[in-house]
Amino acid sequence: MKIKSLTIFTLFLFMLTAASAQDKWELRRNEDGITIYSRQSPDGKLVELRLLCQLDATPGELIKQLMDIDSYSSWVYSNKKSGIIKRVNDHDIIYFTEAHLPWPIQDRDLVVELNIEPTTSPNAQQIILVKSINGILPPKKHFIRIPYSVVTWRITPVPGNKINVDYTFSLDPGGSIPRWLINLTLTTGPYKSFVKLRELLKAERDKR
């Protein structure tokens, strides 16, 4: 009986330790004020990232840039084309995006819904959810449709007309991509995208 109880306890402890390891973010890059972490999803299928940075922008300025879907090719890494499918309202947009990726990875496309949650006050944290949806567009030739993607922007205003950004990203890229290749390029896209986003926001602010 004691052996059985010890076995159950050991199994429980192992499961608890494994779950804690899955929840832990691992630092992957810290450069130019942009910090990027990754972690292993419980099923091992998803790519999960977390990016932290501060931007010289207000929540409204960032939201304006994010709602400008046609401009994504100017700052989103590997994005070659994006367009609005349906504008549900001023805070909800359904759009598509196409990513042309380096060989040997096949190009991907994605349909998502961008939703801006209302805030209770100007200084409250702003949450923007960008989630993949199915059944909107038929598959496109030469593209693999990304089956699952969730991006969450948590935007917190700070003094000086700046914002702290906590950006999390969970993705099933679909198709077959070697794990070593994913790990090799894991931080490149998000890092370069946020560098360009920071430049665009600064340029817009300098115009005024």
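Q: Which residues do ring pairs link into a cluster with W153?
A: In this predicted model, ring pairs link W153 with Y167, F169 and F194 into a cluster. Because local features need pLDDT of at least 70 and side-chain atom pairs count only at pLDDT 80 or more, totals for chains, interfaces and linings use all residues as a separate matter. Residues are numbered from 1 along each chain as its sequence is written, and side-chain values use heavy atoms, with hydrogens and water left out.

Q: Why is the pair of W153 and Y167 called edge-to-face?
A: Rings of Phe, Tyr and Trp (its six-membered ring) pair if their centres lie within 6.5 Å, and planes under 30 degrees apart count as stacked, over 60 as edge-to-face and the rest as tilted. W153 and Y167 are 4.9 Å apart centre to centre with 80° between the planes, so the pair meets the edge-to-face rule. W153 lies in strand 9 (residues 148-158) and Y167 in strand 10 (residues 162-172), so the pair ties together parts that are 14 residues apart in sequence.

Q: What makes W153 and Y167 count as buried or exposed?
A: Buried means under 20% relative accessible area, exposed over 50%, and partly exposed in between (1.4 Å probe, protein chains only). W153 has a relative accessible area of 5% and Y167 one of 13%, so both are buried.

Q: Why is the contact of D109 with R145 called a salt bridge?
A: The term requires a side-chain nitrogen of Lys or Arg within 4 Å of a carboxyl oxygen of Asp or Glu, and the closest N and O atoms of D109 and R145 are 2.9 Å apart, so the pair qualifies. D109 is buried at 3%, whereas R145 is partly exposed at 24%.

Q: How do you know that E199 and K196 form a salt bridge?
A: Their closest N and O atoms are 3.8 Å apart, which means that the pair falls within the cut-off. Both residues lie in helix 4 (residues 188-207), 3 residues apart, about one turn of the helix.

Q: What makes R29 a charge over the face of Y191?
A: A charge sits over a ring if NZ of Lys or CZ of Arg is within 6 Å of the ring centre and within 35 degrees of the ring normal. R29 lies over the face of Y191 at 3.8 Å from the ring centre, and R29 also forms a salt bridge with E31, the closest N and O atoms being 3.1 Å apart.

How values were computed. Helices (H or I, at least four residues) and strands (E, at least two) are DSSP runs, numbered from the N terminus.
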